[in-house]
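Please look over the sequence and the 3D view before reading on.

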Amino acid sequence: MTKAGQISQATIEVLIIIGIVIVLNILGHFYYARADLTEDQRFTLAESSREVVSNLPDIVNLKVYVSSDLPPVLQNEEQKLRDLLDEYRASASARLTIQYIDPADIDEEELSALQMKGIEETQVQIYEADE
């Protein structure tokens, strides 16, 4: 095979790969799927939970108050919470909106209103072993 033939063959292979990627991207737009690859299926919602959120009669607005200044040991737990709530939102067919609010960004009046509703700020102390 000549050098020109090899370049042509490589060009064709690259174009085929690009075409496959484009087709997969288009198909992915129409056929949405999520996979939970955790060992204990932590982010797989129970069928009853999926049914409840997919049949919400109206839009539900969920406000999650979580500090952006969490200690490293709790940042992982915050991410798990966000991932789980994302699963609920994905199953809710646009009927569930989630708003994350940093308590440091709210004013005293809103903080008082939250406390009147029984939503209290929680302080967390982390004890580490002395080195």
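The lining of the second largest pocket is made up of 5 nonpolar, 3 polar and 6 charged residues. The model shown here is a predicted one. This second largest pocket has a volume of about 220 Å³. Its lining has 14 residues, and those nearest the centre are Arg34, Asp36, Phe43, Thr44 and Glu87. Helix H3 gives the largest share of that lining, 5 residues.

Arginine 42 sits in the loop that runs between helix H1 (3–30) and helix H2 (47–54). Apart from its neighbours within four places in sequence, arginine 42 is in contact with Asp36, Lys80 and Leu84. Asp36 is also one of the residues nearest the centre of the second largest pocket. Between the C-alpha atoms of arginine 42 and glutamate 77 there are 12 Å, and the two residues are 35 places apart along the chain.

Now turn to the largest pocket. The space in the largest pocket is about 660 Å³. Strand E1 (60–65), helix H3 (72–91) and helix H4 (108–116) are the elements that give two or more residues to its lining. H3 provides the largest share, 4 residues. In total 24 residues line the largest pocket, and Tyr65, Val66, Ser67, Pro103 and Thr122 lie nearest its centre. By class, the lining has 14 nonpolar, 3 polar and 7 charged residues.

Glutamate 78 is placed in helix H3. Not counting residues up to four places away in sequence, glutamate 78 touches Val66, Ser67 and Leu70. Its relative accessibility is 16%, and glutamate 78 is therefore classed as buried, the cut-off being under 20%.

Val66 and Leu70 are also part of the largest nonpolar core. That core has 9 residues, which are Val53, Leu56, Val64, Val66, Leu70, Leu85, Ala92, Leu96 and Ile98. In soluble globular proteins, nonpolar side chains tend to be buried together.

Key: Residues numbered from 1 in each chain as written. Predicted model: local features only at pLDDT ≥ 70, side-chain atom pairs only at ≥ 80, totals over all residues. Heavy atoms only, no water. Contact = heavy atoms within 4.5 Å. 1 Å grid on protein atoms, 1.4 Å probe; cavity = no way out; pocket = protein on both sides within 12 Å on 5 of 7 lines; lining within 4 Å. Points joined across faces, edges and corners; volume = space filled by probe spheres on them. Nonpolar A, V, L, I, M, F, W, Y, C, P; charged D, E, K, R; others polar. Core = buried A, V, L, I, M, F, W, Y, C linked by side-chain atoms within 4.5 Å. Buried < 20%, exposed > 50% of the residue type's maximum accessible area, 1.4 Å probe, protein only.
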